[in-house]
Amino acid sequence: MSGSGMAIESLRNGRYRVISVLGAGGFGITYQCEDTKHGVTCAIKEYMPEAIATRDPQTGEVIPSADRKRAFLHGKERFLEEAELLMRMNQIPCVVHVWEAFEENHTAYYVMEFLDGRTLKQVMRALGGKLPYTAALEAVVKAGTALDTVHRQAGIFHRDISPENIMVMPDGQVKIIDFGSAKAMAVSENQQFSVVLKPGFAPPEQYASNLSQGSFTDVYAMAGTFYYAVSGTMIPVAPDRLMGVKYERLDRLVPECSKEAADAVDRVLTLDAKFRTQTMSEFIQGILAGQSVVNLTQMPARTGTSDSQSAGETASGISESKSSSWEEPAQDGILAGFRMNDDAHRVPDPISRWQREVAGRDTEIRKTVERTAPPVQDELPTMALPRGPYGWLKVIKGACAGRIFPVEPNRTVTVGRTASKSEIVLNGHPEISGRHFRLLWQPQKKGFYVIDDSINGLYYRGIRLEKGKKYKVLPGDQLGVGSMECVITVGEEQHE
């Protein structure tokens, strides 16, 4: 038995009985377990960094190397943060659900649902290296919709999207797994990111620790996943693309792909994040363009046994029955054809009750996703500037370019895309939130103050401002709203 192999039989005073090892990587081990209290199968992930720790074969305790204790404790803290992050998303159906985290054996664990499925990469392998176009489209639309919900409701971006981290369930649904690299989308201008990436799916900003990252980072990776799943070919890694290496347009590789969908993929794979499609919902709309009906005809059930999950691939949680939190009926699309042979771990009703107990601690999630921006008004109302000292906001780039909005002194005004939520409305940009930011002009302090309230951020000199924090902006300064596709400036003047 290796130093990191299975050496524990139970956890939490016998509540969780270890059945087998589902997978093991460099930083952890995932076990299939029985929850003896609820009578269900679950998965438990253990923090076990094999490079800096070993296991006592007698006690099962994890022992860090004498000179790496600080690194071990830092990693354990990050591991528990991952568990906390996942528990915040327990009401999002397509994200792997985590029920609890605890410390034992001098290390940390978290308990999650057992996913009796296969990764998208395993499904591709079983079909010869790629998916039928409509199957890939179905998988990416479902996964993208889930991530759009994560971005909007939890304010978190994944940073490690690839076919290995999208699981296809026996009923055709998908689950997003492995949030170990995830970050909150509200970051300060001096935020340092760890360099975590998958070549071929990671955009250029992930190759540096000091470049802005956000929902647009996941959108790039999802487009790379779609490209790979439907063509069997990965796009060139970002550094090579920056040096001029090109990729083949998707509609040239895949006849079923429409020009509109290929255009949408190209927009998402833009190397400069400022000019890239910013939201997952916009990308989904793009790849569905030209598809009057997405044909999700049932494929024949898979025969024989699939390749077992490799040790380096993430294994997760509980084989889920019909969940009371899922508002849509089960869909028997193409993906539902990949059914597993082993139904022994189908979850009985207690897990649904357990899930409802966890979900009850949070507020009800929003069930619809904003997908389109209101159309740009053909006739823009004229707004007269007041007499006397006045402040103003001017749009210098974007759909409303040229418009000037007066700003009253010493009163906070809201700026965004929706008239019901904002006093200053910037139409024509889906990446702008309904209420994007707050603006305050204080002439006595000779400046303006902004507070970002948005999903996609407020940018000053290309740096994303920290969400919820007040920043002073001087007259003449320029701000990107949601991206650099809509740029505004502010100013103040004395009336002559």
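## Aromatic pairs and nonpolar cores

Tyr 47 and Phe 79 are both buried, a word used here for under 20% relative accessible area, with exposed meaning over 50% and partly exposed in between (1.4 Å probe, protein chains only). The model is predicted, and local features need pLDDT of at least 70, side-chain atom pairs count only at pLDDT 80 or more, while totals for chains, interfaces and linings use all residues. Residues are numbered from 1 along each chain as its sequence is written, and side-chain values use heavy atoms, with hydrogens and water left out.

Rings of Phe, Tyr and Trp (its six-membered ring) pair if their centres lie within 6.5 Å, and planes under 30 degrees apart count as stacked, over 60 as edge-to-face and the rest as tilted. By this rule there are nine aromatic pairs, including the two in the table.

| Pair | Type | Centre to centre | Angle between planes |
|---|---|---|---|
| Tyr 47 and Phe 79 | tilted | 5.8 Å | 40° |
| Phe 102 and Tyr 109 | stacked | 5.4 Å | 20° |

Phe 102 counts as buried because its relative accessible area is 5%, and Tyr 109 is buried because its relative accessibility is 0%. Ring pairs also link Tyr 47, Phe 72, Phe 79 and Tyr 110 into a cluster.

A nonpolar core is a set of buried Ala, Val, Leu, Ile, Met, Phe, Trp, Tyr and Cys residues joined through side-chain atoms within 4.5 Å. The largest one has 86 residues, and among those with the most contacts inside it are Met 89, Met 222 and Phe 283. Apart from this core lies another, of 24 residues, which include Val 413 and Trp 441.
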